[in-house]
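Keep the sequence and the 3D view side by side as you read.

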Amino acid sequence: MERKYPTKMFWLFVLTDFLLHFFYLSIPGIILCIVGIWAKPCLWIGLAILGLDVILSIIEQLRIRKAAVTPSDNPEFNELMDAFCSPDGLEAVRRIADARIEATPPVKSQEDED
């Protein structure tokens, strides 16, 4: 089965990268755009920084998308990516994670042994 990366998730993650991952670019860009209301060179510099932020965010998500849709040698990773790329998306991944957590035996603590 060929995986299809969810488009909504791609753009959501691009937005998240734009605001959080490349925080050091988005904040100065926004500040320079606000200052650019009164000083045009600051506006152009701020827009250039925000443009760079968008480009880097899209490139980062394209790399993540490629890793997600490329089959791996690890069957557990393949199972998770097949679930993520399915129509259920994150809900299917949550079900798999819940099943694995329930199947894991509890860890005995020192207090239980005494």
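A nonpolar core is a set of buried Ala, Val, Leu, Ile, Met, Phe, Trp, Tyr and Cys residues joined through side-chain atoms within 4.5 Å. Buried means under 20% relative accessible area, exposed means over 50%, and partly exposed lies in between (1.4 Å probe, protein chains only). The model is predicted: local features need pLDDT of at least 70, side-chain atom pairs count only at pLDDT 80 or more, and totals for chains, interfaces and linings use all residues. Residues are numbered from 1 along each chain as its sequence is written, and side-chain values use heavy atoms, with hydrogens and water left out.

Start with the core. The largest nonpolar core holds 8 residues: Y5, M9, F10, V14, A68, M81, F84 and C85. Helix α1 provides the largest share, 3 residues. Helices (H or I, at least four residues) and strands (E, at least two) are DSSP runs, numbered from the N terminus.

Now take some core members one by one. C85 counts as buried because its relative accessible area is 10%, and the cut-off is under 20%. M9 is in contact with F84 and L90, leaving aside its neighbours within four places in sequence. Contact here means heavy atoms within 4.5 Å. V14 lies in helix α1. At 8% relative accessibility, V14 is buried too. Beyond four places in sequence, V14 touches S57, I58 and Q61.

Is Q61 buried or exposed? Q61 is buried, because its relative accessibility is 2%. What does the side chain of Q61 meet in a polar contact? The partner is the side chain of D17, at 2.9 Å. A polar contact is a pair of N or O atoms within 3.5 Å; within protein, one must be able to donate a hydrogen and the other to accept it, and residues adjacent in sequence count only if both atoms are side-chain atoms. Q61 also touches Y5, F10, F13 and V14, besides D17, not counting residues up to four places away in sequence.

Stay on helix α3 and find I49. Its C-alpha atom is 7.4 Å from that of S26, 23 residues apart along the chain. Leaving aside neighbours within four places, I49 is in contact with L25, G29 and L32.

Next, follow the chain into the loop between α3 and α4, where N74 is found. N74 is partly exposed, at 38% relative accessible area. A polar atom of the N74 side chain lies 2.9 Å from the backbone nitrogen of E76.

Then comes a helix pair. Helix α4 (residues 75-84) and helix α5 (residues 90-103) pack at an angle of about 145°, with axes 7 Å apart. From α4 the contact uses E76, E79, L80, A83 and F84; from α5 it uses L90, A92, V93, I96 and R100. These residues divide into 7 nonpolar, no polar and 3 charged. Ala, Val, Leu, Ile, Met, Phe, Trp, Tyr, Cys and Pro count as nonpolar, Asp, Glu, Lys and Arg as charged, and the others, Gly among them, as polar. Axes are lines fitted to C-alpha atoms, for helices over the stretch in contact, and angles run from 0 to 180 degrees between N-to-C directions.
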